[in-house]
Amino acid sequence: EKSIVLKIMCYNTLKLDKRTSAMEKLNIQKQLDRFTNKRLPYWEDFPDFELYMDQLVNLGNRYLTGFLGAPLTPSMINSYVKKGLMSRPLKKKYNATHLAELLVISLLKSVYPLETIKNYNEQLLHEFSIKESYDSFAQIFNQALQNGGYTKPLPTGLSLSKLTKHVIINAVIYKMVGEQLLQYKSKHDHI
């Protein structure tokens, strides 16, 4: 059974507000369900062949649907490569490493400046093998997403890198959930 911490938290908060009708609560829960039913792919979900730029863009957009406001573009990817956030393609072909880097950059850039993301990639995304590091990111992200940004509570004895990943990911998820709630509120201003 999926965790419903976020729905319970928001429902309990709204329950205290007598002005919020049952229908409004249900609508808000539907908005929040958009996140609890999504997940990042794991490394094993990536194609095991090389991709051209347009394929990388299409696949990245498919994996990030519902997480990003604006779709990925080739110029974004070229910029990330030029700024050293992503590895350079080999003979204009991209692989799973590039896809992992692109997904992480795309999620983090909604909250963090590119220089911070570059440091993250250098220190944490390439901490172990790229496969292990990306899968760790995806696992923490998916778990936090299911829990509405909460990693109920943080396990004790986390390494500094794991703790950093948890905090960074929670910030991204809180931003996505906050934007969703603000969007709903602006449509239903009487909440």
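Predicted model: local features only at pLDDT ≥ 70, side-chain atom pairs only at ≥ 80, totals over all residues.
Some ground rules. Residues are numbered from 1 along each chain as its sequence is written, and side-chain values use heavy atoms, with hydrogens and water left out. Local features need pLDDT of at least 70, side-chain atom pairs count only at pLDDT 80 or more, and totals for chains, interfaces and linings use all residues.

Aromatics to start. The structure holds 6 aromatic pairs. Rings of Phe, Tyr and Trp (its six-membered ring) pair if their centres lie within 6.5 Å; planes under 30 degrees apart are stacked, over 60 edge-to-face, the rest tilted.

Take Tyr120 and Phe137. Their ring centres are 6.2 Å apart and the planes meet at 65°, so this pair is edge-to-face. Tyr120 is in helix H6 (residues 114–125) and Phe137 in helix H7 (residues 130–146), so the pair ties together parts 17 residues apart in sequence. Helices here are DSSP runs (H or I, at least four residues), numbered from the N terminus.

Stay on Phe137. With Phe141 it forms a stacked pair, 6.2 Å centre to centre and 15° between the planes.

The cut-offs: buried is under 20% relative accessible area, exposed over 50%, partly exposed in between (1.4 Å probe, protein chains only).

Next, a cluster. Ring pairs link Trp43, Phe46, Tyr63 and Tyr134. The charged end of Arg62 sits over the Tyr63 ring, 5.8 Å from its centre. That term requires NZ of Lys or CZ of Arg within 6 Å of the ring centre and within 35 degrees of the ring normal.

Now the surface. Leu160, Leu163 and Val167 form a nonpolar patch with about 290 Å² of accessible area together. Nonpolar side chains are joined within 5 Å, like charges within 9 Å. Leu163 lies in helix H8 (residues 160–187). Its relative accessible area is 34%, so Leu163 is partly exposed.

Last, backbone. Most residues other than glycine have a negative phi. Lys91 has a positive phi, near 55°. Lys92 is positive too, at about 65°. Lys91 lies in the loop between helix H4 (74–82) and helix H5 (96–108), and Lys92 is in the loop between H4 and H5. Lys91 is exposed at 79% relative accessible area, and Lys92 is exposed at 68%.

Notes:
Patch = residues over 30% accessible without salt bridge, like charges linked within 9 Å, V, L, I, M, F, W, Y side chains within 5 Å. Areas by Shrake-Rupley, 256 points an atom, 1.4 Å probe, with all protein chains shown as cover. Salt bridge = Lys/Arg side-chain N within 4 Å of Asp/Glu carboxyl O. Helix = DSSP H or I, 4+ residues; strand = E, 2+ residues; numbered from the N terminus.
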